[in-house]
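Please read them with the structure open.

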Amino acid sequence: MSASKPAATTKLGKDLLDIDSLTKDEIQLYLDTAESMWEINKRSIKKVPTLRGKLVANLFFESSTRTRFSFEIAERRLSADSISFTAAGSSVSKGETLLDTAKNLMAMAPDAIVIRHQRSGAPHMLARELPCAIVNAGDGAHEHPTQALLDAFTIRRRKGRLAGLRVAICGDVLHSRVARSNVSLLTKMGADVTLSGPRTLMPVGVEQYGARCVNRIEAAVEDADVVMMLRVQKERGGGLGYPNDREFFELFGLTPERRRLARRDAIVMHPGPMNRGVEIDSSVADGPDSAILDQVEAGVAIRMAVLYLLIGSSGEE
Amino acid sequence: MTDKPILIAGGRVVDPSRGVDQVLDVLMKDGVIARVGERIAAPKGADVFYAEGLVVAPGFVDLHVHFREPGFEHKETIATGTASAAAGGYTTVCCMANTDPVIDDAPAVAFLVRRIRETAKIRVLPIGAVTKNLEGKELSEIGLMKAEGIVAISDDGKPVSNGQLMRRAMEYASMFSLPVVVHAEDPHLAQGGAMNEGLVSTRLGLPGMPNAAESAMVARDLQIAALTGTPLHFAHVSTKESLALIRQARASGVKVTCEATPHHLTLTDDAVSRSRYDTNYKMNPPLRTEEDRQALVDALNDGTIDAIATDHAPHHPDEKALEFADAPFGIIGLETALPVLVDAFLPAKVLSVSRLVELLSTSPCRAFGLQGGTLAEGVSADVVVFSTENKTTFTAEALESRSRNTPWLGRTLRGRVERTYFGGREVYRYDESRRRPAAAPASR
């Protein structure tokens with residue numbers, strides 16, 4: 001395959017748990033490697049033998065379509081064997097602990113475990129206890145590192161760079177692991193990040209994160225190069241965050257008028273799944289500036305890069 | 001009593017109850033302190049312990065432990081809990097009522113007192129529940145429980161959210177001279193929280209409990225204490241705002257005392273991040289910020305804090321080996337308390353030895369009106385001998401507690417309990433052979 005490990009001096013850890021603990025060089029390595037993977041995805045035969053004989057287990061303790069498909073496709077394109085299960089079909093429903101489930105799985109010798117879990121820190125617990133690579137596919141309200149990487153990849157492809165860009169991240173920041181990972185990644189890479197949302201959906205202390213914080217979406221979107229909308233997590237809101245969807249859309253949603261406050265060549269992003277008419281107007285989501293489907297496409301390349309870098313030992317190539 | 005007399009010779013006797021801090025001998029005989037003085041001749045047949053370079057002090061008193069018996073004997077029992085206490089230099093502990101069944105009526109106290117008589121290595125004083133089954137709905141048998149031996153009442157772990165009920169409980173308790181011990185927490189403000197609310201909880205994506213969840217309840221209960229005149233004791237104070245409120249209320253005449261834990265005095269919420277979600281850093285109230293920690297340390301010296309209490313809260317390893325948000329709150333603390341405090345505060349001269357002993361022994365007794373906390377002649381010979389220089393390594397093998405949930409497991413700290421005597425009998429002796437890694441402490 002054409003993907004050779006760039007920057008041999010950058011040493012990655014055993015796992016990918018969060019962006020917070022990555023260096024700028026490590027982020028760069030993931031993004032650069034994903035470029036090669038992106039090429040593979042453009043070929044007519046989109047499969048390489050790189051991870052032949054490797055086993056990847058996808059543990060999804062929280063429902064997901066996009067992320068799970070994306071990992072599974074990435075695994076298949078790299079010729080890894082992969083198995084997936086969701087909480088409903090696993091031993092969790094029989095009262096087994098996460099650690100026991102993972103240890104049992106470990107006995108079957110996977111090379112990597114991809115885990116999504118509703119509890120923050122669940123992947124860290126597995127990483128401490130298990131010798132295989134752990135990839136965090138989203139843990140509670142903590143982080144979603146592959147999402148931030150694919151977002152950065154998308155921005156870089158569309159804008160040619162990350163440093164110096166003005167990025168607005170808007171909406172339900174409180175419950176968003178996507179926001180945490182993105183703020184961490186983008187500020188490390190030198191972007192100028194503004195967070196906006198109703199005060200009830202802004203986490204405490206977030207202003208110390210290196211991002212500017214405002215309540216009015218207009219103040220965040222103005223002159224932005226990138227407008228990233230977040231999914232309003234109604235299932236976690238508990239009725240204390242905002243009065244109703246109508247008020248949220250009227251005051252905090254991305255309408256075509258508000259979109260026009262950003263730069264003319266700005267792109268609009270959303271990690272999905274979207275609440276149309278709540279955080280984003282359909283005409284913006286489906287408009288010419290939308291990079292939403294580019295993000296999905298980038299997801300496969302990023303996840304290929306992550307698995308390749310973590311378990312594709314160069315000696316066997 | 002047929003026990004041999006014991007002479008502790010040549011130690012630095014620190015007895016804040018009488019302002020003593022000098023090298024003296026202590027003679028224990030017939031279960032009591034027979035004499036404290038210079039060059040006491042050992043009586044015939046006496047055991048002599050030469051304590052040069054060691055501190056000899058009144059046994060420590062913990063106002064706040066959970067011994068889990070009855071109902072949760074897989075976590076701790078009175079036997080293992082008191083063994084743990086003795087190993088930490090404690091000779092008196094007060095145990096909380098949140099067992100199963102809850103200690104909320106006279107028969108429950110009577111049962112507990114019998115188990116204590118049968119299995120305890122040191123003095124255990126029961127605390128009764130404020131409300132039946134800790135439900136915060138109706139008063140428990142406070143008067144009858146007093147007759148069976150409770151020393152205070154508390155719904156620890158489950159704050160009494162109904163202000164009217166709290167008022168009535170305090171009025172009622174005042175007739176029996178029982179202090180009311182409050183775990184100050186507004187249940188709605190703290191709802192769902194797994195750690196301190198702040199930058200760290202935001203970064204870790206964990207639901208937080210703001211300082212105000214504690215201080216709002218402190219403010220309410222101080223007002224009720226002022227209204228009723230009943231002595232109030234705040235358990236495990238963790239925020240600077242609570243301390244300010246307590247200071248202010250005390251200045252205006254409210255009868256209020258409070259305690260702080262070794263973990264709140266030495267750790268901050270940052271530990272949850274550095275340890276990457278280690279559930280041994282999950283407790284309630286949560287570890288706060290450095291600003292709060294510093295305020296607590298200052299309050300040790302200015303007298304705002306009356307007692308250091310451990311909130312010894314054993315949990316089985318299976319229960320702690322869960323996702324952070326799902327794991328139970330609490331850590332064990334009896335065996336780690338002295339070394340944690342010595343290591344953090346003595347070399348840095350933040351506390352004097354005498355103030356440390358006062359906070360661990362004399363002053364807690366005063367807060368609850370208990371006997372003890374002194375080496376006065378004639379009192380029960382409850383004595384701890386400890387070193388401020390020797391080190392202690394905490395290993396799973398050496399811990400006397402049935403549980404292992406402490407963030408200091410595997411750590412070596414300055415400070416060591418050498419001997420503990422209860423009623424003139426040795427109930428603990430440091431044993432180097434049980435702590436393998438301690439073989440080369442000098443290199444640490």
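1. Two residues are taken to be in contact if their C-beta atoms, placed from the backbone, lie within 7 Å; axes are lines fitted to C-alpha atoms, for helices over the stretch in contact, and angles run from 0 to 180 degrees between N-to-C directions. Helices (H or I, at least four residues) and strands (E, at least two) are DSSP runs, numbered from the N terminus.

2. The model is predicted, and local features need pLDDT of at least 70, side-chain atom pairs count only at pLDDT 80 or more, and totals for chains, interfaces and linings use all residues. Residues are numbered from 1 along each chain as its sequence is written, while chains are lettered from A and ligands numbered from 1 in the order in which they are written.

3. In chain B, 8 strands make up an open sheet with parallel pairing, in the order S6-S7-S8-S9-S10-S13-S14-S15, where two strands pair if DSSP finds at least two bridges between them. Its edge strands are S6 (60-65) and S15 (307-308) of chain B, each of which pairs on one side only.

4. Within chain B, strand S9 (residues 152-154) is joined to strand S10 (residues 180-182) by 2 bridges, the two running parallel, and Ile153(B) stands opposite Val180(B) of S10(B).

5. Helix H1 (residues 78-87) of chain B lies across S6, S7 (90-95) and S8 (123-128) of that chain, and runs at about 135 degrees to S7(B).

6. In chain A, helix H5 (residues 145-159) packs against helix H6 (residues 177-188) at about 55 degrees, with their axes 8 Å apart. H5(A) and H6(A) are therefore oblique to each other, since angles under 35 degrees count as roughly parallel, over 145 as roughly antiparallel, 65 to 115 as roughly perpendicular and the rest as oblique. Among the residues making the contact are Pro145(A) and Asp151(A) of H5(A) and Leu185(A) of H6(A).
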